[in-house]
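Thanks for coming. I have one structure to go through today, so please look at the screen.

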Amino acid sequence: MKLIRDRILKDGKVYPGGVLKVDSFLNHQIDSELLSETGKELFRLFGDENITKIVTVEASGIAIACLTAIHFRVPAVFAKKNKTVNISDNLYTAEVESFTHKKTYPIVIDKAYITESDRILIVDDFLAKGHALMGLLDIARQAGASVAGAGIIIEKCFQGGGDTLRSQGLRIESLAMIESMSDDGTIIFRK
């Protein structure tokens, strides 16, 4: 999606270790109009899939999920990274390794919010090594829900997660696919 690629080139910052900082528009300060356009594009790509829920992981995926869910006219559900006292014990759980936080943590979704009758679309801001997607796929399997695919705003192709998951049969539509980044700030997009 040209709109996302252009915004990455304008406002994204490359940091050592394969880190792309896009917090001025995607995952700290949020450009709602931009995310609404990404939701519209994900609807164009997956609108014929009979989606019943948009699913993501907190926190960066929540805005994307909500603005995408508006276009699908379905609820957005997010996996919490911690079980709090106001959540039931009736949970689906999975372990997820975070690339940016360099730690593994449990994610949870209440069983009331995803069921075997659901057809879900997973959305997220980044796809790097694919751990968040794998955790959400595990939760979908536990629920017996079907997964139409994943809609990703930015895929860092050089980290391999997308290739691994596609080889397992998951449909992934990434709106900006980064082939490589260098410490001098150069970003090369996949054609």
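In which helix is arginine 7 found? Arginine 7 is in helix H1. Before going further, note that this is a predicted model.

Is arginine 7 buried or exposed? Its relative accessible area is 18%, and the limit for buried is under 20%, so arginine 7 counts as buried. The side chain of arginine 7 makes a polar contact with the side chain of aspartate 11, at 2.6 Å. Setting aside residues up to four places away in sequence, arginine 7 touches Gly12, Ser24, Phe25, Asp31 and Leu34.

Next, the nonpolar cores. The largest one has 33 residues. Those with the most contacts inside it are Ile4, Ile8, Leu20, Leu26, Ile54, Ile154 and Ile187. Two or more residues each come from helices H1 (2–11), H2 (32–46) and H3 (60–72), and from strands E7 (119–127), E8 (146–156), E9 (172–181) and E10 (187–189). H3 gives the most to this core, with six residues. A second, separate core has 27 residues, among them Ala94, Tyr105, Ile109 and Leu133.

Back to isoleucine 154, from the largest core. What does isoleucine 154 touch, not counting residues up to four places away in sequence? The list is Ile4, Ile8, Leu20, Val22, Leu26, Asp125, Phe126, Leu127, Ala176 and Ile178.

Now the helix pair. Two packed helices are described by the angle between their axes and the distance between those axes. For H2 and H3, the axes come within 8 Å and cross at roughly 55 degrees. That angle makes H2 oblique to H3. The crossing of H2 and H3 is right-handed. On the H2 side, the contact is made by Ser32, Leu35, Ser36, Gly39, Lys40, Leu42, Phe43 and Phe46. On the H3 side, the residues are Ala63, Ile64, Leu67, Thr68, His71 and Phe72.

Last, a loop residue. Glutamate 58 sits in the loop between strand E3 (53–57) and H3. With a relative accessibility of 23%, glutamate 58 counts as partly exposed. Which residues does glutamate 58 contact, leaving aside its neighbours within four places in sequence? They are Phe78, Ala79, Lys80, Lys81 and Asn82. In the case of lysine 81, the backbone nitrogen lies 2.8 Å from a polar atom of the glutamate 58 side chain. As for asparagine 82, its C-alpha atom is 9.8 Å from that of glutamate 58, and the two residues are 24 apart along the chain.

That is what I have.

Notes: Residues are numbered from 1 along each chain as its sequence is written. This is a predicted model: local features need pLDDT of at least 70, side-chain atom pairs count only at pLDDT 80 or more; totals for chains, interfaces and linings use all residues. Side-chain values use heavy atoms; hydrogens and water are left out. A nonpolar core is a set of buried Ala, Val, Leu, Ile, Met, Phe, Trp, Tyr and Cys residues joined through side-chain atoms within 4.5 Å. Buried means under 20% relative accessible area, exposed over 50%, partly exposed in between (1.4 Å probe, protein chains only). Helices (H or I, at least four residues) and strands (E, at least two) are DSSP runs, numbered from the N terminus. Contact means heavy atoms within 4.5 Å. A polar contact is a pair of N or O atoms within 3.5 Å; within protein, one must be able to donate a hydrogen and the other to accept it, and residues adjacent in sequence count only if both atoms are side-chain atoms. Axes are lines fitted to C-alpha atoms, for helices over the stretch in contact, and angles run from 0 to 180 degrees between N-to-C directions. Angles under 35 degrees count as roughly parallel, over 145 as roughly antiparallel, 65 to 115 as roughly perpendicular and the rest as oblique. A crossing is left-handed if the near helix is turned anticlockwise from the far one by less than a right angle, and right-handed if clockwise.
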